[in-house]
Amino acid sequence: MTRILRGKSRFRKPDPEDDLTVETDMLEAEVSSTSSGTGSQFDDDATAYGSSGDPYADVRDRMETLAARDKAQFALRSSDSEHLHTEPQIPLFIAYTVYMSYAVLIIIGHIRDFLALVFKNGRYIRKETGFPSDDRDSFAPLLKSWEHFYTRRLYTRVQDCFNRPIASNPGAHIDVVERCSYDQQKSMKVLGSLDNLDNDAQRQEYRQGEYFVESENGSAVRRCVNLGSYNYLGFADDWQVSCAKEVKASLDDLAVSTSSCRNEYGTSSIHRQVEKTVARFLGKEDALVLNMGFNTNATTIPALVGRGDLIISDELNHTSIVNGARASGAAIRIFRHNDTSNLEVILRDAIIKGRPRTRRPWNKILVVVEGIYSMEGEYCDLRNVVRVCKKYGAYVYLDEAHSIGAMGPTGRGCAEYTGVDTADIDIMMGTFTKSFGGMGGYIAASKETIAFLRQRCAGSVYHNSLSPVVCQQVLTSFKVIMGEDGTTIGKQKLQALRDNSNYCRMRLQEMGLQVLGHYDSPIMPVMLYNPCKISAFSRECLKRGVAVVVVGFPAVPILMSRARFCISAGHTREDLDRALKEIDEIADICNLRYARSMFG
């Protein structure tokens, strides 16, 4: 049948000859050889790192052993392996204290709301007159929900830990702008110059601070090691060397914006160059580039499936996938995270029972997974997902937003890392916002599918096209990664990212912190659990010159608050050692050693 996913045929015809077990044995042998002393995914560490040598020579064997163990256990496991998702088991003490913390905050919040209503005085009651909507007898509240209450009474207490403005490029080191609040954190304001402080003692305290610097406009900023940006391959650090010449030169010939969608005047020759490069990089027939990574999922999925179709989605898939699936009109089923046996049960049940009520067969079934799950740091069990989908004739949609350019010996993502042929993946999605130092996203698939999406995907038909200058940045970064720039910079970046990630994960685990995810993943969540520890950990890190991302409810379940570290090829071992030393001290202050004790 045609490879276009809109067809009325029920499923692809399964091929009984396809089996991944032989390839599994070959790759497991390869992993074994890696862990037995070859020392790296590259043949020569000195070549990979240049003349400086291997900065991790003293811990190389241990790092490679741990990485090889995780790869064999989670990426190359055979079809009869048990479900191995490493979700932490939350002790009763932690659950009790977390619920108690939220209960206290909610009770106090409701009391303050009640008192504000009785006495007509409070932070969220306007004292100025002339607002007819404040008359509750005439107007219903515009916002009256749990979300609004949560934002007012819980989020504002910790909002200084989020949305921090920066005054530098998001490289391995970052300048975080100092902010202050004059209304008990109802709002945050940039401090600006030190002249805005109340007295000389405060100014002197800032100037004597170890991490204090001033931005170009004189604003007070804090110089930090950046453990929060998606700067995986470090293009933000060496952009002037690796990309600046070609990108700046493109401004002579290209517009900053086409001011049009792809289907009108928004397609230029450089857009087609990017699409051909993406297709060649991934081994697909064609590709489509769009101007926003989130919208790539949110607009592509509704174009591929609709009423009469079924989407089977991993329970931890990104919000963009969730939004796209809901907008499609297709039926949606959820399978347990990375549990291919549960996926097979759902697939078999869907095929046997068909659509609800009518029992007619589904037009098509689309299974959606991610290469690396951004809140878990785990990579997909892609081999078994593909095996199950081929067995039952379902289509595979792979989101590689965090894995493309960050996984595999040549940066080709989860498929390369797990040894899966990209021909077995029907739709490959990814973004340019992480490893490539740009913006936008892509869809790579068969020519028929891409031709269909050009005409039916809202991101292609209605949205502005990707900026031509950003296209040049993406092309240049591809050249660096593939070594087509005539240097080994791309190879060094890939090696540095992998080693930095594995070293940081190994050290965090040695501290007794509860770290989620797998080795070779640049994302490592560290569990905080308690809501008060979200703000405490973030503020202590900033005070010590370490910029981190903390995540709480509703971005994660209420019991699963965490800090999420994103490692970069731009980090040096000295950077990581300094940050890890500070984190080790903070772990004692905040009682975060949950891997050793339920009390932290």
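A crossing of two helices is left-handed if the near helix is turned anticlockwise from the far one by less than a right angle, and right-handed if clockwise.

**Entry 1. The model as a whole**

I am working from a predicted model. I counted 20 helices and 18 strands in the protein chain. Of the 600 residues in the chain, 54% are buried. I then looked up how far apart in sequence the contacting residues lie. Among contacts between residues at least 6 apart in sequence, 72% join residues at least 24 apart.

**Entry 2. Helices H9 and H17**

I recorded this pair by two quantities, since two packed helices are described by the angle between their axes and the distance between the axes. For H9 (residues 269–282) and H17 (residues 468–482), the packing angle is about 30° and the axes are 9 Å apart. Angles under 35 degrees count as roughly parallel, and H9 and H17 are therefore roughly parallel to each other. I noted the hand as well: H9 passes H17 in a left-handed crossing.

I next listed the residues in contact. H9 contributes Ile270, His271, Gln273, Val274, Thr277, Val278, Arg280 and Phe281. From H17, the partners are Pro468, Cys471, Gln472, Val474, Leu475, Phe478, Ile481 and Met482. Sorted by class, the residues of this contact comprise 11 nonpolar, 4 polar and 1 charged.

I then examined H17 by itself. Its 15 residues reach 21 Å from the first C-alpha to the last, close to the 21 Å expected at 1.5 Å a residue. H17 is mostly covered, with 14 of its 15 residues buried. Just after H17, I found Gly483 with a positive phi of about 75°.

**Entry 3. Helices H10 and H15**

The second pair I looked up is H10 (residues 293–304) with H15 (residues 447–456), whose axes come within 10 Å and cross at roughly 110°. That makes H10 roughly perpendicular to H15, because the class runs from 65 to 115 degrees. In H10, the residues in contact are Thr300, Ala303 and Leu304. They meet Thr449, Phe452, Leu453 and Arg456 in H15. By class, I recorded 4 nonpolar, 2 polar and 1 charged residues for this contact.

**Entry 4. Helices H12 and H13**

H12 (residues 340–353) has 14 residues and reaches 20 Å between its first and last C-alpha, close to the 20 Å expected at 1.5 Å a residue. I listed its buried residues as Thr340, Asn342, Leu343, Glu344, Ile346, Leu347 and Ala350. I then asked what covers the buried residues of H12. The cover includes strand E7 (310–314), strand E8 (331–335), strand E9 (365–370) and helix H13. After H12 comes Gly354, whose phi is positive, near 70°.

H13 (residues 382–392) is itself mostly covered, with 9 of its 11 residues buried. I listed the buried residues of H13 as Leu382, Arg383, Asn384, Val385, Val386, Val388, Cys389, Lys390 and Tyr392. Just after H13, Gly393 takes a positive phi of about 70°.

I looked up Glu147 in helix H5 (residues 146–158). Glu147 counts as exposed, at 52% relative accessibility, because the cut-off for exposed is over 50%. Arg152 also has its place in H5. Is Arg152 buried or exposed? With a relative accessible area of 14%, Arg152 is buried. Leaving aside neighbours within four places in sequence, I found Arg152 in contact with Asp113, Arg123 and Tyr124.

Pro554 lies in the loop between strand E17 (549–551) and strand E18 (561–566). I also noted that a cis peptide bond joins Phe553 and Pro554, with omega about 10°.

**Entry 5. Positive phi outside glycine**

I recorded Gln184, which has a positive phi of about 55° although it is not a glycine. Gln184 lies in the loop between strand E2 (179–180) and strand E3 (189–190), and it counts as exposed at 59% relative accessibility.

I recorded Ser259 too, which is not a glycine and has a positive phi of about 55°. Ser259 is found in the loop between helix H8 (244–250) and H9. With a relative accessible area of 59%, Ser259 is exposed.

How values were computed
Residues numbered from 1 in each chain as written. Predicted model: local features only at pLDDT ≥ 70, side-chain atom pairs only at ≥ 80, totals over all residues. Heavy atoms only, no water. Axes fitted to C-alpha atoms, helices over the stretch in contact; angles between N-to-C directions. Helix = DSSP H or I, 4+ residues; strand = E, 2+ residues; numbered from the N terminus. Parallel < 35°, antiparallel > 145°, perpendicular 65-115°, else oblique. Contact = heavy atoms within 4.5 Å. Nonpolar A, V, L, I, M, F, W, Y, C, P; charged D, E, K, R; others polar. Buried < 20%, exposed > 50% of the residue type's maximum accessible area, 1.4 Å probe, protein only. Expected span 1.5 Å × (residues − 1).
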